[in-house]
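Open the model in your viewer and keep the selection panel at hand.

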Amino acid sequence: MADQTGDRKYVAQIELILAAFGREVEIYPEDWQKRPEGADYLYRTGVVLVRDEDLTRVIELFQGGRPAEGGIGGVTRLLLPEKVPGDAPEDRSVTQRFLKYADLRLGRGVVTPEHLFYVSPSVSPCPATEPEEVPPGIAPDPMLPEPFPSADNPDGRGVKVVVLDVGWSDAPAAYWLNGVTGDPENAFDGSGRIRPYAGHGTFIAGVMRAIARNVEIVVKSYFTSAGAIWEFDLAAALDEVLDLAPDIISLSAGTRTRFDLPALGLDVFIQTRLNRVNGLTLVAAAGNEASRDYFWPAAFPETVGVGALAENGRDRASFSNFGSWVDVYAPGENLVNAFLTGDYLCTEPPNTGQLRSFAGMARWSGTSFATPLVAGLIAGRMSITGENAKQAADALLAFALTQSEPGVGPVLRAGDAITSIG
């Protein structure tokens, strides 16, 4: 991993989160600004997560605590009491003191923090860059040729994808987005400028439609505060979108976790919800820290974790996370697709304060955008073979192994929905 705290852009991203969540969020470790690797994770103050079957013994151990409402069955958000039994004063964070006490008495992973998940994951943005201007009239890149009516078009017809993101901003100039629906995002600030992370869901939908022109896409708005959401709420959001009966869920967000353990709230969702829906597939971004540390939910074996290829289509993008837990790499650097129309004031060094003007298109980089490309390939293959999403994903991953790049791993590219069939 690069020297994070020496990177002004990295620090600016954390400051954006802190401004949005204030005292509700804490950073581990507390001295993250003194460490080259920066923060391990962000978490919610005064709250832990516990599996329902462990709740009674945890409350007894803590000599108090109050379960919060909401969420999904199987996991509880526990509001902590004020005092920790056997308090360890060397830790200023009360939440960390409860976690260490639970580790000592119950073992690691029984009680976990409630992590903060981002479309700018692990405080290193899933879009590895801020959106960049492109010349007028530029075409999307990559984009498959306009399909002709036939039985062998990978156009995603009959396939439904739900995208969990910042929301949807209609882009009428982008004809390939006709028919995409979703929750409207709050894309502009009080001065009329484009907000940070706005247009992220629109760009993702554009990449997917560029690969599978007729796939049905619904973009949901959940990451509404600085592109972030609490773990407990994300599990509930994923559970909620199951009501839409998607074939594929596309999630360009995630986080690292305490001790690199699976995020408890999402683990419960995967084991008790996702795995019980036949054929449903969750495609998730691997994150942009140039690290091999586990990044959730992409690291779950039940998901398709997507890293990013560099612009040359062969090397791993310099920002992409990597490791055996990443299932596949796809183009994710300098992609061009639909965006908002308006002015955007850069918030990240070295471009802080630079005003950029957009007219419905942008260039953007990140594992955020490699993810919908893979989701589009799965949808495209489904429309040709009649496979469900799980079958199509497994077949594409097997094909990706046959064209692995040295030093990178399994690779998929824009035309592989057809190529993988042979």
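**Stop 1: a covered helix**

Bear in mind throughout that this is a predicted model. Begin by selecting Leu 264, Gly 265, Leu 266, Asp 267, Val 268, Phe 269 and Ile 270, the buried residues of helix 6. Now extend the selection to 264–272, the whole of helix 6. Of its 9 residues, 7 are buried, so the helix is mostly covered.

What lies over these buried residues? Show strand 2 (41–51), strand 4 (75–79), strand 5 (111–118) and helix 5 (231–241), which are among the elements that cover them.

Stay in helix 6 and pick Phe 269. Its relative accessibility is 1%, so Phe 269 counts as buried. Which residues does Phe 269 touch, leaving aside neighbours within four places in sequence? Select Ile 72, Ala 235, Leu 238, Asp 239, Leu 242 and Leu 274. Then draw a C-alpha to C-alpha distance from Phe 269 to Ala 236.

**Stop 2: the whole chain**

Zoom out and switch to cartoon. The protein has 9 helices and 15 strands. Its radius of gyration is 21 Å, close to the 22 Å that the globule rule gives for 422 residues, so the protein is as compact as a globular protein of that length. Along the principal axes, the C-alpha trace spans about 70 × 50 × 40 Å.

Colour by accessibility next. Buried residues make up 59% of the 422. Then consider contacts with a separation of 6 or more: 74% of them are between residues 24 or more positions apart.

**Stop 3: helix 7 and helix 8**

Select 367–385 for helix 7 and 389–402 for helix 8. Their axes come within 9 Å and cross at roughly 110°. The two helices are therefore roughly perpendicular to each other. Helix 7 passes helix 8 in a right-handed crossing.

Show side chains at the contact. Helix 7 brings Leu 377, Ile 378, Arg 381 and Met 382. Helix 8 brings Ala 389, Ala 392, Ala 393, Ala 395 and Leu 396. By class, this contact has 8 nonpolar residues, no polar ones and 1 charged.

**Stop 4**

Val 159 sits in the loop between strand 5 and strand 6 (160–165). Is Val 159 buried or exposed? Its relative accessibility is 3%, so Val 159 counts as buried.

Leaving aside neighbours within four places in sequence, its contacts are Val 215, Glu 216, Asp 247, Ile 248, Ala 379, Met 382 and Ser 383.

**Stop 5: helix 2 and helix 3**

Move to 55–62, helix 2, and 94–106, helix 3. These helices pack at an angle of about 115°, and their axes are 11 Å apart. That makes helix 2 roughly perpendicular to helix 3. Helix 2 also passes helix 3 in a right-handed crossing.

Which residues make the contact? On helix 2, select Arg 57, Val 58, Leu 61 and Phe 62. On helix 3, select Phe 98, Tyr 101, Ala 102, Arg 105 and Leu 106. This contact holds 7 nonpolar, no polar and 2 charged residues.

**Stop 6: cis peptide bonds**

Go to the loop between strand 1 (25–28) and strand 2, where Pro 29 lies. A cis peptide bond joins Tyr 28 to Pro 29, with omega about -5°.

Now jump to the loop between strand 5 and strand 6 and find Pro 142. The peptide bond from Asp 141 to Pro 142 is cis, with omega near 0°.

**Stop 7: positive phi at two alanines**

Select Ala 226, in the loop between strand 8 (216–221) and strand 9 (228–230). Its phi is near 50°, a positive value in a residue other than glycine. Ala 226 is buried, with a relative accessible area of 17%.

Finish at Ala 290, in the loop between strand 11 (281–285) and strand 12 (304–309). Phi of Ala 290 is positive, about 55°, although the residue is not a glycine. With a relative accessible area of 21%, Ala 290 is partly exposed.

Conventions: Residues numbered from 1 in each chain as written. Predicted model: local features only at pLDDT ≥ 70, side-chain atom pairs only at ≥ 80, totals over all residues. Heavy atoms only, no water. Axes fitted to C-alpha atoms, helices over the stretch in contact; angles between N-to-C directions. Helix = DSSP H or I, 4+ residues; strand = E, 2+ residues; numbered from the N terminus. Parallel < 35°, antiparallel > 145°, perpendicular 65-115°, else oblique. Left-handed = near helix turned anticlockwise from the far one by under 90°. Contact = heavy atoms within 4.5 Å. Nonpolar A, V, L, I, M, F, W, Y, C, P; charged D, E, K, R; others polar. Buried < 20%, exposed > 50% of the residue type's maximum accessible area, 1.4 Å probe, protein only. Rg over C-alpha atoms; globule rule 2.2 N^0.38 Å.
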